[in-house]
Amino acid sequence: ASGFGLIVLFPLAFVSNALVPTENMPTVIRAIANWNPVSAVTAAARDLFGNPNPSATIAAWPMQHPIVASLLWSFAIITVFAPLAAVLYRRRTTD
């Protein structure tokens, strides 16, 4: 489980606004980075801690509303993966 988490999280962290601004990225990668859940959480943390948010000038909805976007991403991820984890756990423990 730990290895799978790193496989998913590592590319998401690199294609986000956590490390570099997205303005100079190619168009397709910029669109992915602006709608990335890691970008939303990073922008929300900057907003909540009072740091200037350079992503606030981007027209993408998650960058305009980072706190709501990060809560929606969290809810969506839990909604999808909590039942999946329960089913997989039940299948492993009942056999």
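Q: How many residues does H5 have, and what span should they give at 1.5 Å a residue?
A: H5 has 29 residues, which should span 42 Å at 1.5 Å a residue; the end C-alpha atoms of H5 are 41 Å apart, which agrees. The expected span of a helix is 1.5 Å times one less than its number of residues. Helices (H or I, at least four residues) and strands (E, at least two) are DSSP runs, numbered from the N terminus.

Q: What kind of model is this, and how are residues numbered?
A: This is a predicted model, in which local features need pLDDT of at least 70, side-chain atom pairs count only at pLDDT 80 or more, and totals for chains, interfaces and linings use all residues. Residues are numbered from 1 along each chain as its sequence is written, and side-chain values use heavy atoms, with hydrogens and water left out.

Q: Back to H5. Which of its residues are buried?
A: Pro66, Ala69 and Ser70 are buried in H5. Buried means under 20% relative accessible area, exposed means over 50%, and partly exposed lies in between (1.4 Å probe, protein chains only).

Q: What covers them?
A: The cover of the buried residues of H5 includes H3 and H4.

Q: And Val68, where does that sit?
A: Val68 also belongs to helix H5. Val68 is partly exposed because its relative accessible area is 43%. Between Val68 and Ala44 there are 24 residues in sequence and 8.4 Å in space, C-alpha to C-alpha.

Q: Which residues form the nonpolar patch on the surface?
A: The patch consists of Trp73, Ile77, Val80, Phe81, Leu84 and Leu88, and together they have about 540 Å² of accessible area. Patches are made of residues with over 30% relative accessible area and no salt bridge, where like charges are joined within 9 Å and nonpolar side chains (Val, Leu, Ile, Met, Phe, Trp, Tyr) within 5 Å. A salt bridge is a side-chain nitrogen of Lys or Arg within 4 Å of a carboxyl oxygen of Asp or Glu. Accessible areas come from the Shrake-Rupley method with a 1.4 Å probe, and for residues only the protein chains shown count as cover.

Q: Why does Phe81 count as partly exposed?
A: Phe81 counts as partly exposed because its relative accessibility is 47%. Phe81 lies in helix H5, which runs over residues 66-94.

Q: Which H3 residues are buried, and what do they pack against?
A: Pro37, Val38, Ser39, Ala40, Thr42, Ala43, Ala44 and Arg46 are buried in H3. The buried residues of H3 pack against H1, H2, helix H4 (61-64) and H5.

Q: What does Ser39 touch?
A: Setting aside neighbours within four places in sequence, Ser39 is in contact (heavy atoms within 4.5 Å) with Val15, Ser16, Asn17, Ala33 and Met63. Ser39 is buried, since its relative accessible area is 0%.

Q: What caps the N-terminal end of H3?
A: Asn36 does, with a side-chain oxygen 3.1 Å from the backbone nitrogen of Val38. A polar contact is a pair of N or O atoms within 3.5 Å; within protein, one must be able to donate a hydrogen and the other to accept it, and residues adjacent in sequence count only if both atoms are side-chain atoms.

Q: Is Asn36 buried or exposed?
A: Asn36 is buried, because its relative accessible area is 3%. Asn36 is placed in the loop between H2 and H3. Not counting residues up to four places away in sequence, Asn36 touches Leu12, Val15, Ser16 and Trp73.

Q: What follows H3?
A: Gly50 follows H3, and its phi is positive, near 80°.

Q: Where is Ala18?
A: Ala18 lies in the loop between helix H1 (2-14) and helix H2 (27-34). Leaving aside neighbours within four places in sequence, Ala18 is in contact with Thr42 and Arg46.
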